[in-house]
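Welcome! Take a moment to look at the sequence and the 3D structure, and then let us walk through them together.

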Amino acid sequence: MRIALLGGTGDIGQGLALRWAFDTDHEVVIGSRDPEKARTMANEYETELDSMGVSRSINGFANEMAAERADIVVLAVPPFHVRDTVESVADRLDDVDVLVTPAVGMDRDENGIHYKPPKAGSVTELVAETAPDGIPVVGAFHGLSAGRLADLEAELSQDTLLVGDDEDAKETVRLLADGIEGLRALDAGGLANSAEVESMTPLLINLAVNNDGLHDVGVTFE
């Protein structure tokens, strides 16, 4: 499949792009509001992969062109850019199989990081509310350490929870996630459960900040 990571120049976009290019045969496309930045980062990802003995071609485009060329679109953008990003590519999503969002609304104060969902109830529900009719939305890849994802020498051994109302779309994302070595996808139910899944991310960040040795903390379920 061809995976477009919109905002793929950021931390989570970088980690997912490198892992999919390293562990799978899926074609990876980087999107950005600035196409030159997308091309520059795509070249950097190719260089990183080459240093690990993997020769892959990664292309960079403006978000709209990246979405138009994709089977799967991942919204690797901050939560406050999610709605604008979906709206900017909406007319390019006709042939997209799944729209995936890992974004989480959060706020910070002197006590730490706190979950701050949008009025829609969660970022995943906001994406579903904004996406064109007929485009299934799946929330996935929340709470993963972007640094650990991007370190191709690091073992993951983590789980990611999937939420969505379209079972075929969730199965597609499960296969994408399971293609990354050390990552296991688990079904957490429908979009109505997305707030519970997203709210785990600030918890993990607070654990990482307050405990030595947990910088790249993740979750596994047994």
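Which residues does Thr 9 touch, not counting residues up to four places away in sequence? In this predicted model, the contacts of Thr 9 are Ile 30, Gly 31, Ser 32, Lys 37, Ala 38, Met 41 and Tyr 45. You can find Thr 9 in the loop between β1 and α1 (11-23). Thr 9 has a relative accessible area of 16%, and buried means under 20%, so Thr 9 counts as buried.

Now let us turn to the sheet. As a bit of background, strands of a sheet pair through backbone hydrogen bonds, either parallel or antiparallel. Here, 6 strands make up an open sheet with parallel pairing, and their order is β3-β2-β1-β4-β5-β8. The edges are taken by β3 (59-62) and β8 (137-139); each has a single partner strand, so one side of each has no neighbour in the sheet. From one strand to the next, the twist averages 25 degrees.

What joins β5 to β8? Strand β5 (residues 98-101) and β8 run parallel and are linked by 3 bridges. If you look for Val 100, you will find that its bridge partner in β8 is Val 138.

Key. Residues numbered from 1 in each chain as written. Predicted model: local features only at pLDDT ≥ 70, side-chain atom pairs only at ≥ 80, totals over all residues. Heavy atoms only, no water. Pairing = 2+ DSSP bridges. Helix = DSSP H or I, 4+ residues; strand = E, 2+ residues; numbered from the N terminus. Axes fitted to C-alpha atoms, helices over the stretch in contact; angles between N-to-C directions. Buried < 20%, exposed > 50% of the residue type's maximum accessible area, 1.4 Å probe, protein only. Contact = heavy atoms within 4.5 Å.
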